[in-house]
Amino acid sequence: MPSLKHIHTYAQYKGRKGYFKCIHPECTHFTSRELVLEKKSCCTSCGGEFILDYENTQMVRPRCLMCRDTKKAKAFQIGKRLLAKEISFTVGEGLIEKGEQE
Ligand SMILES: [Zn+2]
Ligand SMILES: [Zn+2]
């Protein structure tokens with residue numbers, strides 16, 4: 001059966017170390033860890049698209065940054081929240097230019 005045309009949801013393939021397999025029940029796609037790096041995958045938790053990085057490929061079931069529990073992921077989540085806040089401030093108070101005296 002050929003691989004389906006979709007964004008694969010990669011998870012570590014138990015049968016072969018260093019390989020990743022799509023967990024979609026009808027998809028037979030699998031590939032090596034080196035080849036999934038920088039590839040698009042669907043999050044095994046929320047189903048959202050994300051790019052697999054080195055940290056992700058260490059996980060049995062890779063998750064996107066919003067679903068991860070690592071330091072880096074937390075920083076990313078806080079950054080996103082701050083960004084959302086900043087935008088609402090900008091809307092309410094007008095744009096303030098920063099870093100002019102550098
Ligand atoms: Zn697939
Ligand atoms: Zn997710």
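In what order do the three strands of the open sheet lie, and is the pairing parallel or antiparallel? The order is β1-β2-β3, and the pairing is antiparallel.

## Basis of the model

This is a predicted model, in which local features need pLDDT of at least 70 and side-chain atom pairs count only at pLDDT 80 or more, while totals for chains, interfaces and linings use all residues. Residues are numbered from 1 along each chain as its sequence is written, and chains are lettered from A and ligands numbered from 1 in the order in which they are written.

## Overall make-up

The protein has two helices and five strands. Both kinds of element are DSSP runs numbered from the N terminus: helices are H or I with at least four residues, and strands are E with at least two. Read from the N terminus, the order of elements is β-β-β-α-β-β-α.

Of the 102 residues in the protein, 15% are buried. A residue is buried if 20 or more other C-beta atoms lie within 10 Å of its own, exposed if 12 or fewer, and partly exposed in between, with C-beta atoms placed from the backbone. Two residues are in contact if their C-beta atoms, placed from the backbone, lie within 7 Å. Among contacts with a separation of 6 or more, 25% are between residues 24 or more positions apart.

## The sheet

Strands of a sheet pair through backbone hydrogen bonds, either parallel or antiparallel. Here two strands are taken to pair if DSSP finds at least two bridges between them. β1 (residues 10–12) and β2 (residues 19–22) are antiparallel and share three bridges. Six residues separate these strands in a hairpin, and glycine 18 in the turn has a positive phi of about 80 degrees. β2 is also joined by three bridges to β3 (residues 30–32), again in the antiparallel sense.

The three strands make an open sheet. Its edge strands are β1 and β3, each pairing on one side only. On average, neighbouring strands of this sheet are turned by 35 degrees against each other, direction ignored; axes are lines fitted to C-alpha atoms, for helices over the stretch in contact, and angles run from 0 to 180 degrees between N-to-C directions.

## The nonpolar core

Five residues make up the largest nonpolar core: Tyr10, Phe20, Cys22, Val36 and Leu52. Such a core is a set of buried Ala, Val, Leu, Ile, Met, Phe, Trp, Tyr and Cys residues joined through C-beta atoms within 7 Å. Beyond its neighbours within four places in sequence, valine 36 contacts Tyr10, Phe20, Thr31, Leu52 and Thr57.

## Histidine 8 and serine 41

Histidine 8 is in the segment before β1 and counts as buried because it has 22 C-beta neighbours inside 10 Å. Neighbours within four places aside, histidine 8 is in contact with Cys22, Cys27, His29 and Ser41. Its C-alpha atom is 5.3 Å from that of cysteine 22, 14 residues apart along the chain.

Serine 41 lies in β4 (residues 40–42). This residue is buried because 23 C-beta neighbours fall inside 10 Å. Besides His8, the contacts of serine 41 outside four places in sequence include Tyr10, Phe50, Leu52 and Pro62.

## Glutamate 38

In the loop between α1 (33–36) and β4 lies glutamate 38. Its phi is positive, about 70 degrees, although the residue is not a glycine. Glutamate 38 counts as exposed because it has 9 C-beta neighbours inside 10 Å.
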